[in-house]
Amino acid sequence: MTKNWFFIILYIIFIGMSTFMVSLYTEAQKRVEFLQSLQSEVEDNNVKLLAATLVANRGDGTNAIIFKEPLYEQHFIDGEDEVGLYIYKVAENLRSYEHSLAILIRDLNITDTSLLKDEDDYSTIRATIKFNQEITIGQTNKQTFEETFITLYDDTSKLLLINFDRLKAESTISFESIHIAYDDINYFSRELVTLYNSDLVNQIPDKFSNTYQRDIKFITSDEIKFLSDESLSDIKNNINLYYDATLISKLNKLNSLYLINISLLLLVVIPLTYFIFFHKEVYTRYKLKRSAKKELQRQEIEAIKHNKEM
(Lines give C-alpha, C1' and ligand atoms only; values in the text may rest on other atoms or scores of the structure.)
Protein backbone atom coordinates (compact mmCIF):
# COMPACT_ATOMS: atom_id res chain seq x y z
CA MET A 1 0.00 0.00 0.00
CA THR A 2 2.80 2.39 0.89
CA LYS A 3 4.51 1.57 -2.38
CA ASN A 4 1.33 2.37 -4.34
CA TRP A 5 0.96 5.74 -2.64
CA PHE A 6 4.62 6.52 -3.28
CA PHE A 7 4.13 5.74 -6.97
CA ILE A 8 0.95 7.85 -7.09
CA ILE A 9 2.79 10.83 -5.57
CA LEU A 10 5.61 10.43 -8.11
CA TYR A 11 3.07 10.26 -10.92
CA ILE A 12 1.33 13.44 -9.71
CA ILE A 13 4.72 15.19 -9.62
CA PHE A 14 5.37 13.93 -13.15
CA ILE A 15 2.05 15.35 -14.36
CA GLY A 16 2.78 18.66 -12.64
CA MET A 17 6.25 18.87 -14.18
CA SER A 18 4.88 17.97 -17.62
CA THR A 19 2.24 20.69 -17.37
CA PHE A 20 4.88 23.18 -16.25
CA MET A 21 7.18 22.28 -19.17
CA VAL A 22 4.31 22.53 -21.66
CA SER A 23 3.46 25.97 -20.25
CA LEU A 24 7.07 27.13 -20.62
CA TYR A 25 7.23 25.79 -24.16
CA THR A 26 3.92 27.43 -25.05
CA GLU A 27 5.02 30.80 -23.67
CA ALA A 28 8.19 30.64 -25.77
CA GLN A 29 6.21 29.47 -28.81
CA LYS A 30 3.74 32.33 -28.35
CA ARG A 31 6.51 34.95 -28.33
CA VAL A 32 8.28 33.44 -31.33
CA GLU A 33 5.08 33.31 -33.39
CA PHE A 34 4.20 36.86 -32.32
CA LEU A 35 7.55 38.20 -33.53
CA GLN A 36 7.43 36.13 -36.71
CA SER A 37 4.00 37.52 -37.55
CA LEU A 38 5.39 41.07 -37.28
CA GLN A 39 8.75 40.48 -38.97
CA SER A 40 8.02 42.14 -42.31
CA GLU A 41 6.48 45.12 -40.52
CA VAL A 42 9.12 45.81 -37.88
CA GLU A 43 12.51 44.46 -38.94
CA ASP A 44 13.42 47.54 -41.01
CA ASN A 45 12.15 50.03 -38.42
CA ASN A 46 14.22 50.41 -35.26
CA VAL A 47 11.53 51.78 -32.95
CA LYS A 48 8.90 49.26 -34.09
CA LEU A 49 11.43 46.46 -33.68
CA LEU A 50 12.27 47.60 -30.14
CA ALA A 51 8.62 47.93 -29.14
CA ALA A 52 7.67 44.47 -30.46
CA THR A 53 10.73 42.86 -28.84
CA LEU A 54 10.04 44.45 -25.44
CA VAL A 55 6.37 43.41 -25.48
CA ALA A 56 7.33 39.86 -26.47
CA ASN A 57 10.12 39.56 -23.90
CA ARG A 58 7.92 40.69 -21.02
CA GLY A 59 4.79 38.85 -22.12
CA ASP A 60 2.84 40.11 -19.10
CA GLY A 61 0.88 43.01 -20.57
CA THR A 62 3.71 45.51 -20.20
CA ASN A 63 3.49 48.43 -22.60
CA ALA A 64 6.59 49.59 -24.49
CA ILE A 65 7.22 53.29 -25.17
CA ILE A 66 10.18 54.31 -27.34
CA PHE A 67 11.65 57.79 -27.67
CA LYS A 68 11.89 58.01 -31.46
CA GLU A 69 15.08 60.06 -31.68
CA PRO A 70 18.11 57.92 -30.73
CA LEU A 71 20.51 59.22 -28.12
CA TYR A 72 23.32 57.92 -30.28
CA GLU A 73 23.60 56.53 -33.81
CA GLN A 74 26.57 55.68 -35.96
CA HIS A 75 27.19 53.35 -38.88
CA PHE A 76 30.72 51.94 -38.81
CA ILE A 77 32.25 50.52 -42.00
CA ASP A 78 35.75 49.19 -42.69
CA GLY A 79 35.94 47.25 -45.95
CA GLU A 80 33.32 44.51 -45.62
CA ASP A 81 33.17 44.81 -41.82
CA GLU A 82 30.11 46.75 -40.77
CA VAL A 83 28.01 47.57 -37.73
CA GLY A 84 25.20 50.04 -37.21
CA LEU A 85 24.99 51.15 -33.57
CA TYR A 86 21.96 52.88 -32.06
CA ILE A 87 21.13 53.82 -28.48
CA TYR A 88 17.51 54.57 -27.58
CA LYS A 89 15.81 55.51 -24.35
CA VAL A 90 12.77 53.36 -23.72
CA ALA A 91 10.14 53.01 -21.03
CA GLU A 92 8.01 50.05 -20.02
CA ASN A 93 4.73 50.43 -18.19
CA LEU A 94 2.71 47.86 -16.28
CA ARG A 95 1.92 49.56 -12.97
CA SER A 96 4.57 52.29 -13.16
CA TYR A 97 7.17 53.40 -15.68
CA GLU A 98 10.59 51.74 -15.78
CA HIS A 99 13.23 53.41 -17.91
CA SER A 100 15.86 51.49 -19.83
CA LEU A 101 18.58 52.13 -22.33
CA ALA A 102 18.40 50.01 -25.48
CA ILE A 103 21.67 49.42 -27.33
CA LEU A 104 20.69 48.16 -30.77
CA ILE A 105 23.09 46.68 -33.33
CA ARG A 106 21.95 46.54 -36.97
CA ASP A 107 23.59 45.40 -40.24
CA LEU A 108 26.25 43.48 -38.34
CA ASN A 109 28.88 41.89 -40.57
CA ILE A 110 32.18 40.58 -39.21
CA THR A 111 34.55 39.06 -41.76
CA ASP A 112 37.01 37.63 -39.21
CA THR A 113 37.40 33.95 -40.14
CA SER A 114 37.93 33.14 -36.45
CA LEU A 115 34.49 34.50 -35.49
CA LEU A 116 32.73 32.05 -33.17
CA LYS A 117 29.20 31.03 -34.14
CA ASP A 118 26.82 28.65 -32.41
CA GLU A 119 24.69 25.84 -33.89
CA ASP A 120 22.16 28.44 -35.09
CA ASP A 121 24.96 30.34 -36.89
CA TYR A 122 24.72 33.19 -34.37
CA SER A 123 27.75 35.10 -33.13
CA THR A 124 28.25 36.09 -29.48
CA ILE A 125 28.47 39.84 -28.97
CA ARG A 126 29.27 41.18 -25.50
CA ALA A 127 29.40 44.62 -23.93
CA THR A 128 31.75 45.55 -21.10
CA ILE A 129 30.10 48.55 -19.49
CA LYS A 130 32.04 50.82 -17.16
CA PHE A 131 30.08 53.50 -15.31
CA ASN A 132 31.41 56.78 -13.93
CA GLN A 133 31.09 55.42 -10.37
CA GLU A 134 30.22 52.29 -8.41
CA ILE A 135 26.68 51.15 -9.09
CA THR A 136 24.41 49.20 -6.78
CA ILE A 137 21.91 46.80 -8.31
CA GLY A 138 20.28 44.41 -5.87
CA GLN A 139 23.06 42.99 -3.71
CA THR A 140 25.77 43.77 -6.30
CA ASN A 141 27.99 46.81 -6.01
CA LYS A 142 30.60 47.47 -8.72
CA GLN A 143 31.61 49.82 -11.50
CA THR A 144 32.10 47.46 -14.44
CA PHE A 145 29.55 44.98 -15.80
CA GLU A 146 29.67 42.48 -18.67
CA GLU A 147 26.46 41.79 -20.58
CA THR A 148 25.61 39.71 -23.66
CA PHE A 149 23.48 40.96 -26.55
CA ILE A 150 20.46 38.89 -27.58
CA THR A 151 20.02 38.00 -31.24
CA LEU A 152 16.85 39.27 -32.92
CA TYR A 153 15.55 37.97 -36.27
CA ASP A 154 19.01 37.01 -37.54
CA ASP A 155 22.68 37.48 -36.72
CA THR A 156 22.76 40.96 -38.22
CA SER A 157 20.64 42.40 -35.39
CA LYS A 158 21.43 42.33 -31.65
CA LEU A 159 19.92 44.02 -28.62
CA LEU A 160 21.01 44.85 -25.08
CA LEU A 161 18.74 46.48 -22.47
CA ILE A 162 19.96 48.28 -19.35
CA ASN A 163 17.26 49.05 -16.79
CA PHE A 164 18.36 52.40 -15.33
CA ASP A 165 15.59 52.57 -12.72
CA ARG A 166 17.20 49.61 -10.96
CA LEU A 167 20.63 51.22 -10.83
CA LYS A 168 21.48 53.10 -7.63
CA ALA A 169 24.39 55.51 -7.12
CA GLU A 170 25.45 58.51 -5.08
CA SER A 171 25.13 60.94 -8.00
CA THR A 172 23.95 61.14 -11.62
CA ILE A 173 24.93 57.99 -13.49
CA SER A 174 26.79 58.15 -16.78
CA PHE A 175 29.12 55.87 -18.72
CA GLU A 176 32.88 55.94 -18.73
CA SER A 177 33.03 53.48 -21.64
CA ILE A 178 31.12 50.77 -23.46
CA HIS A 179 33.36 48.14 -25.07
CA ILE A 180 31.49 46.01 -27.62
CA ALA A 181 33.36 42.86 -28.62
CA TYR A 182 32.86 39.44 -30.23
CA ASP A 183 34.10 35.98 -29.29
CA ASP A 184 36.49 34.08 -31.54
CA ILE A 185 36.75 30.31 -31.90
CA ASN A 186 39.23 30.20 -29.02
CA TYR A 187 36.74 32.09 -26.83
CA PHE A 188 38.94 35.17 -26.74
CA SER A 189 37.23 38.56 -26.82
CA ARG A 190 38.04 40.72 -29.85
CA GLU A 191 37.30 44.45 -29.93
CA LEU A 192 34.55 45.61 -32.28
CA VAL A 193 33.45 49.12 -31.25
CA THR A 194 34.19 51.17 -28.13
CA LEU A 195 32.15 54.18 -27.05
CA TYR A 196 33.59 56.49 -24.42
CA ASN A 197 32.90 59.55 -22.24
CA SER A 198 35.30 62.29 -23.38
CA ASP A 199 35.03 64.01 -19.96
CA LEU A 200 36.52 60.93 -18.28
CA VAL A 201 38.79 59.12 -20.76
CA ASN A 202 40.50 59.60 -24.11
CA GLN A 203 39.26 57.89 -27.25
CA ILE A 204 39.87 54.14 -27.16
CA PRO A 205 40.98 52.40 -30.41
CA ASP A 206 38.80 49.65 -31.87
CA LYS A 207 38.20 47.89 -35.20
CA PHE A 208 37.07 51.01 -37.08
CA SER A 209 38.52 54.37 -38.07
CA ASN A 210 39.00 57.05 -35.42
CA THR A 211 37.04 59.49 -37.58
CA TYR A 212 33.71 58.06 -36.37
CA GLN A 213 32.01 59.87 -33.48
CA ARG A 214 32.00 57.69 -30.33
CA ASP A 215 31.46 60.20 -27.52
CA ILE A 216 28.59 59.31 -25.13
CA LYS A 217 29.22 61.84 -22.35
CA PHE A 218 25.69 63.24 -22.80
CA ILE A 219 23.98 59.92 -21.96
CA THR A 220 23.08 60.16 -18.26
CA SER A 221 20.44 58.74 -15.94
CA ASP A 222 18.73 62.17 -15.86
CA GLU A 223 18.49 62.19 -19.66
CA ILE A 224 17.20 58.61 -19.87
CA LYS A 225 14.23 59.06 -17.51
CA PHE A 226 11.83 60.87 -19.83
CA LEU A 227 8.43 59.81 -18.39
CA SER A 228 6.87 60.26 -14.96
CA ASP A 229 3.09 60.48 -14.56
CA GLU A 230 2.06 60.66 -18.20
CA SER A 231 -1.07 58.73 -19.13
CA LEU A 232 -1.13 56.48 -22.18
CA SER A 233 -3.40 58.99 -23.91
CA ASP A 234 -0.71 61.66 -23.42
CA ILE A 235 1.87 59.29 -24.82
CA LYS A 236 -0.22 58.52 -27.91
CA ASN A 237 -0.48 62.22 -28.68
CA ASN A 238 3.24 62.88 -28.19
CA ILE A 239 4.88 62.96 -31.63
CA ASN A 240 8.30 62.28 -30.07
CA LEU A 241 7.20 58.91 -28.71
CA TYR A 242 6.33 55.60 -30.36
CA TYR A 243 3.63 53.49 -28.75
CA ASP A 244 1.52 50.77 -30.38
CA ALA A 245 -1.42 49.69 -28.23
CA THR A 246 -2.24 46.81 -30.60
CA LEU A 247 0.94 44.85 -29.82
CA ILE A 248 -0.33 43.47 -26.52
CA SER A 249 -3.68 42.40 -28.02
CA LYS A 250 -1.84 40.70 -30.91
CA LEU A 251 0.31 38.81 -28.40
CA ASN A 252 -2.69 37.84 -26.27
CA LYS A 253 -4.51 36.40 -29.29
CA LEU A 254 -1.89 33.67 -29.29
CA ASN A 255 -3.03 32.48 -25.84
CA SER A 256 -5.07 29.90 -27.79
CA LEU A 257 -1.78 28.01 -28.08
CA TYR A 258 -2.15 27.10 -24.40
CA LEU A 259 -5.47 25.39 -25.14
CA ILE A 260 -3.98 23.51 -28.08
CA ASN A 261 -0.83 22.35 -26.26
CA ILE A 262 -2.62 21.43 -23.01
CA SER A 263 -5.15 19.45 -25.08
CA LEU A 264 -2.29 17.57 -26.73
CA LEU A 265 -0.84 16.86 -23.29
CA LEU A 266 -4.20 15.52 -22.12
CA LEU A 267 -4.33 13.22 -25.16
CA VAL A 268 -1.20 11.60 -23.77
CA VAL A 269 -1.90 11.85 -20.04
CA ILE A 270 -5.47 10.52 -20.00
CA PRO A 271 -4.69 7.20 -21.79
CA LEU A 272 -1.44 6.86 -19.82
CA THR A 273 -3.29 7.37 -16.53
CA TYR A 274 -5.92 4.85 -17.55
CA PHE A 275 -3.41 2.13 -18.44
CA ILE A 276 -1.27 2.75 -15.33
CA PHE A 277 -4.02 2.97 -12.71
CA PHE A 278 -7.30 1.58 -14.09
CA HIS A 279 -6.73 -0.81 -16.97
CA LYS A 280 -5.80 -3.83 -14.83
CA GLU A 281 -8.87 -3.46 -12.60
CA VAL A 282 -11.20 -2.79 -15.55
CA TYR A 283 -9.79 -5.76 -17.47
CA THR A 284 -10.11 -8.02 -14.40
CA ARG A 285 -13.76 -7.02 -13.95
CA TYR A 286 -14.35 -7.57 -17.65
CA LYS A 287 -12.89 -11.07 -17.43
CA LEU A 288 -14.97 -11.88 -14.35
CA LYS A 289 -18.17 -10.68 -16.06
CA ARG A 290 -17.26 -12.64 -19.17
CA SER A 291 -16.57 -15.78 -17.11
CA ALA A 292 -19.83 -15.32 -15.22
CA LYS A 293 -21.70 -14.92 -18.51
CA LYS A 294 -20.12 -18.09 -19.92
CA GLU A 295 -20.94 -19.96 -16.72
CA LEU A 296 -24.55 -18.80 -16.94
CA GLN A 297 -24.73 -19.90 -20.58
CA ARG A 298 -23.25 -23.27 -19.63
CA GLN A 299 -25.81 -23.73 -16.89
CA GLU A 300 -28.65 -22.84 -19.28
CA ILE A 301 -27.35 -25.36 -21.82
CA GLU A 302 -27.07 -28.04 -19.11
CA ALA A 303 -30.60 -27.26 -17.98
CA ILE A 304 -31.91 -27.61 -21.55
CA LYS A 305 -30.12 -30.95 -21.97
CA HIS A 306 -31.47 -32.13 -18.66
CA ASN A 307 -35.04 -31.23 -19.63
CA LYS A 308 -34.70 -33.11 -22.94
CA GLU A 309 -33.48 -36.20 -21.14
CA MET A 310 -36.55 -36.02 -18.89
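Lys89 is buried in this predicted model, with a relative accessible area of 6%, where buried means under 20% relative accessible area, exposed over 50% and partly exposed in between (1.4 Å probe, protein chains only). Residues are numbered from 1 along each chain as its sequence is written. Because the model is predicted, local features need pLDDT of at least 70 and side-chain atom pairs count only at pLDDT 80 or more, while totals for chains, interfaces and linings use all residues; side-chain values use heavy atoms, with hydrogens and water left out.

The side chain of Lys89 meets that of Glu223 in a salt bridge with an N to O distance of 2.8 Å. A salt bridge is taken here as a side-chain nitrogen of Lys or Arg within 4 Å of a carboxyl oxygen of Asp or Glu. Glu223 belongs to helix 3 (residues 221–224) and Lys89 to strand 3 (residues 81–93), so the pair ties together parts that are 134 residues apart in sequence. Helices (H or I, at least four residues) and strands (E, at least two) are DSSP runs, numbered from the N terminus. In contrast to the buried Lys89, Glu223 is partly exposed, at 33% relative accessibility. Side chains of opposite charge can pair when their charged atoms come close. By the stated rule, the count comes to twelve salt bridges.

Asp155 takes part in another of these pairs, a salt bridge with Lys117 in which the closest N and O atoms are 3.6 Å apart. Asp155 counts as buried, at 13% relative accessibility, whereas Lys117 is partly exposed, with a relative accessible area of 36%. The loop that holds Asp155 runs between strand 7 (150–151) and strand 8 (158–163).

Lys217 is partly exposed at 39% relative accessibility, and Asp199 is exposed, with a relative accessible area of 58%. Elsewhere, Asp112, Asp184 and Arg190 are linked in a network of salt bridges.

A polar contact of 3.3 Å connects the side chains of Asn63 and Tyr243. Asn63 is located in strand 1 (residues 63–67) and counts as buried, at 10% relative accessibility.

Two surface patches were examined. Patches are made of residues with over 30% relative accessible area and no salt bridge, with like charges joined within 9 Å and nonpolar side chains (Val, Leu, Ile, Met, Phe, Trp, Tyr) within 5 Å. Accessible areas come from the Shrake-Rupley method with a 1.4 Å probe, and for residues only the protein chains shown count as cover. The nonpolar patch consists of Phe6, Ile9, Leu10, Ile13, Met17, Phe20, Met21 and Leu24, which together have about 820 Å² of accessible area. Leu10 is placed in helix 1 (residues 2–42) and is partly exposed, with a relative accessible area of 42%.

Asp118, Glu119, Asp120 and Asp121 form a negative surface patch. For charges, Lys and Arg count as positive and Asp and Glu as negative, with His and the chain ends not counted; the place of a charge is taken as NZ of Lys, CZ of Arg, CG of Asp or CD of Glu. Asp121 is found in the loop between strand 4 (97–109) and strand 5 (125–137) and is partly exposed, with a relative accessible area of 48%.

The backbone of Asp121 has a positive phi of about 70°, although Asp121 is not a glycine. Asp107, also not a glycine, has a positive phi of about 55°. Asp107 lies in strand 4 and counts as partly exposed, at 41% relative accessibility.

How values were computed
A polar contact is a pair of N or O atoms within 3.5 Å; within protein, one must be able to donate a hydrogen and the other to accept it, and residues adjacent in sequence count only if both atoms are side-chain atoms.
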